[in-house]
Amino acid sequence: MAEIVDHSDHSSGFSGKEKITEILNRRHKEREIQIQAAKLERQKDADETEAIQYFEASFEQKVKLIRDSLDTVSNSDSKAQIFAEVQNEIYDLQRYLSTSTFFLSEYKIKICQNTINELGKKLDNLKNELIPKKKFGFKSKKIVKTNHDGKDTIDKIGPGASSDAEGDRMKWTFSGRKNELIVLPRKTIDDQTVTATDLTNCIVRLEGHSGSLQFSKLKNCLVICGPTSRSIFLDDCTNCKFVVACQQLRCHRSKNCDLYLKVTSRAIIEDCKQIHVAEYNNGYDELEDDLTHSGLDPVVNNWNELDDFNWLATDKPSPNWSILEQEHNVIDWNIYQNQFQQTFALYKTIQ
């Protein structure tokens, strides 16, 4: 009788049929995994498409509401209130875009940002057109100059001043100043709009509570203010320190500035570099009363939460602003002002 040889692999414990079954099962599982992965990828694409579609519809709706408000504001009796509401809606729209950038294309982000910028410009233009800024009409301006001998002399600029100077005062509260300590007393600025431009090596002290502030083209200046009821706008400022409290703050085209802030919304910077922020620390006896009259919430302060319109990435902080290092904080503004004044030999101007 011939010997029957079993060629099956006894060491593995599987017959040829079992091996084939195992291979088929493994391939089936691999196909199931691939199918599931494809389903997840399609679901991801669908979710992303749905998110983009929802964003586009929501963004367009928000933009339409803002444009409708701006188109009808001229016929309203509550223009200031509408402008404030629209400003907040534009801020919310900017935050909505910023938090949606992770699923939007760069092109879409750019288009939406341009739309927001357009709305901001339209708002500013309408505010200037429909709510002219209140300007100071000085009957006389007293300037106290400290001479080298330590004595004060007083010059007065009144109605007989040159037409250029008068025109400048109509456009700006003050402008074109160098090496001056400019003080605006409480009775002069309470709830008023204060504007200034083209200042170099100056200190500006605003007592009381102003309505709104606008500073442009300041170089190496110190601005110390009580609470401001509405907004503060800074443009083209370099190497300056601002000690301000307000509802809204917007800073454009500025570099190497320290902002000591109390702001009840989120401050905005645009086209800025080297902006450093610290908490508002202008302490004086009437501060609580001024906060009450300005309407600012004494508890809310978003000093360390800035929105950078040039930095839409949500996973990385903006390189254009940072919190001021503790060792560089100014603690006593009276001491700092005296040092600043002595360094630049400032003469005092009382508006």
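Reply: Contact here means heavy atoms within 4.5 Å. The model is a predicted one, in which local features need pLDDT of at least 70, side-chain atom pairs count only at pLDDT 80 or more, and totals for chains, interfaces and linings use all residues. Residues are numbered from 1 along each chain as its sequence is written, and side-chain values use heavy atoms, with hydrogens and water left out.

Ser216 lies in strand β7 (residues 212-219); strands (E, at least two residues) are DSSP runs, numbered from the N terminus. Setting aside residues up to four places away in sequence, Ser216 touches Trp172, Ala196, Thr197, Asp198 and Asp235. Its relative accessible area is 9%, and Ser216 is therefore buried (under 20%; exposed is over 50% and partly exposed in between, with a 1.4 Å probe and protein chains only).

Thr200 belongs to strand β5 (residues 193-200) and is partly exposed, at 22% relative accessible area. Beyond its neighbours within four places in sequence, Thr200 contacts Arg177, Lys178, Asn179, Lys219 and Cys221. Thr238 is 38 residues from Thr200 in sequence, and their C-alpha atoms are 9.7 Å apart.

Turning to the cysteines, the structure contains 0 disulfides, a disulfide being a pair of cysteine sulfur atoms within 2.5 Å. Cys202 is buried at 0% relative accessible area, and Cys237 is buried with 0% relative accessibility.

How values were computed
Helices (H or I, at least four residues) and strands (E, at least two) are DSSP runs, numbered from the N terminus.
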